[in-house]
Amino acid sequence: MAVASVVACCSLVIMALMAAAATAGSVPAVYVFGDSLADVGNNNHLLTLLKADFSHNGMDYAGGKATGRFSNGKNSADFLADKLGLATSPPYLALSSSSNANYVNGVSFASGGAGVSNATNKNQCITLDKQIEYYSGVYSSLARSLGQAKAATHLARSIFAITIGSNDIIHYAKANNAATPSQQQQYVAALIQSLSGQLQSLYNLGARKVLFLGTGPVGCTPSLREMSSAKVCNAVGNAMAVQYNKAAEGVLSGMAAKYTDLHYALFDSSAALLRYINQPAEYGFVEAKAACCGLGDMNAKIACTPLSSYCANRSDHVFWDFYHPTEATAQKLTATAFDGSAPFIFPINVRQLSAI
């Protein structure tokens, strides 16, 4: 009986470990597309003005050195990987230079300055279309190394995280501060038409679990606030962000209805971040208008550079520089996306998406 009990006990332990492994391995990799909110170093490899590989960026990152992240520390891509129990997906341009690049553990194509439109920051970043082109090569590489069937299964279990649209809307709002609602809608419609084709391309290349991180309230970034004499949020930028997120959800829900094997979670960054901006104290922040690092009024005239001043306590600021959130803000937003619910993350959250 004692031996039987030991055997039974061991069997239960093994089954528990197998179950835990299956849960932990439900998402084998994250493939990241987007802009500076998720860039983990791609722009370091470009001849561009849009870089963050210098101080004071990265001052709170492990080692205290700039990595190319537009943040004082980690960004949303890092926190997503942490939540999934994975290492942060490495930048594609760092991997692609290797003759034996390993894409099985995930890749980040995100590039600071990227937009839905190829015209946004043209020649200064990896456009979303180019990111998808690079991913197409990764898809082919995985098919060769794993075999077509295993590659398809691997990608179907992986999460495709996309954060794109902010740069398009920021550029439009800055250049068209008096745009009518009709003009705003026309521009958003053009973006969505392009985005629809881009999402379709990713589906055609194996994406089955999509996390779409919608555009935040870009009108409340220090850069756009600074344009106003009263330092209020830019109404055009914020209105377009809401329109864009709603339209993106329409695209994804339409695709999910058409393709029953497609699942998605859309994070309404605009609604989620506005809570911190409108009620900072309630969420542990002290400063929700000015940037922590920069120069000029609200630290929003010039980007965060080695010559810029910076705040002593980054964790109490919503914004790190004139466009980007602090590590603290990114961590809170990612936590909401991972375990939150509507109206911030829907129709399911990231934890539920990962379990499918």
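**Notes on the salt bridges and cores**

1. Start with the charged cluster: a network of salt bridges links Glu226, Lys231, Asp297 and Lys301. Keep in mind that this is a predicted model. In total, the structure holds 9 salt bridges.

2. Glu226 is buried at 14% relative accessible area, whereas Lys301 is exposed at 53%.

3. Have a look at Asp78 and Arg69 too, which form a salt bridge with the closest N and O atoms 2.7 Å apart. Asp78 is buried, at 1% relative accessible area, and Arg69 counts as buried at 7%.

4. Asp339 and Arg351 also form a salt bridge, at 2.4 Å from N to O. Asp339 belongs to helix H11 (residues 327-339) and Arg351 to helix H12 (residues 350-355), so this pair ties together parts 12 residues apart in sequence. Asp339 is partly exposed at 38%, and Arg351 is partly exposed at 44%.

5. On to the nonpolar side. The largest core has 53 residues, of which Tyr31, Phe33, Tyr135 and Tyr244 touch the most other members. A second, separate core has 32 residues, including Val27, Ala110, Ala337 and Ile345.

6. Gln131 is worth a click: this residue of helix H4 (residues 128-146) is buried, with 0% relative accessible area. Beyond its neighbours within four places in sequence, Gln131 has contacts that include Phe33, Phe109, Ala110 and Ile126.

Definitions and conventions:
Residues numbered from 1 in each chain as written. Predicted model: local features only at pLDDT ≥ 70, side-chain atom pairs only at ≥ 80, totals over all residues. Heavy atoms only, no water. Core = buried A, V, L, I, M, F, W, Y, C linked by side-chain atoms within 4.5 Å. Buried < 20%, exposed > 50% of the residue type's maximum accessible area, 1.4 Å probe, protein only. Helix = DSSP H or I, 4+ residues; strand = E, 2+ residues; numbered from the N terminus. Contact = heavy atoms within 4.5 Å. Salt bridge = Lys/Arg side-chain N within 4 Å of Asp/Glu carboxyl O.
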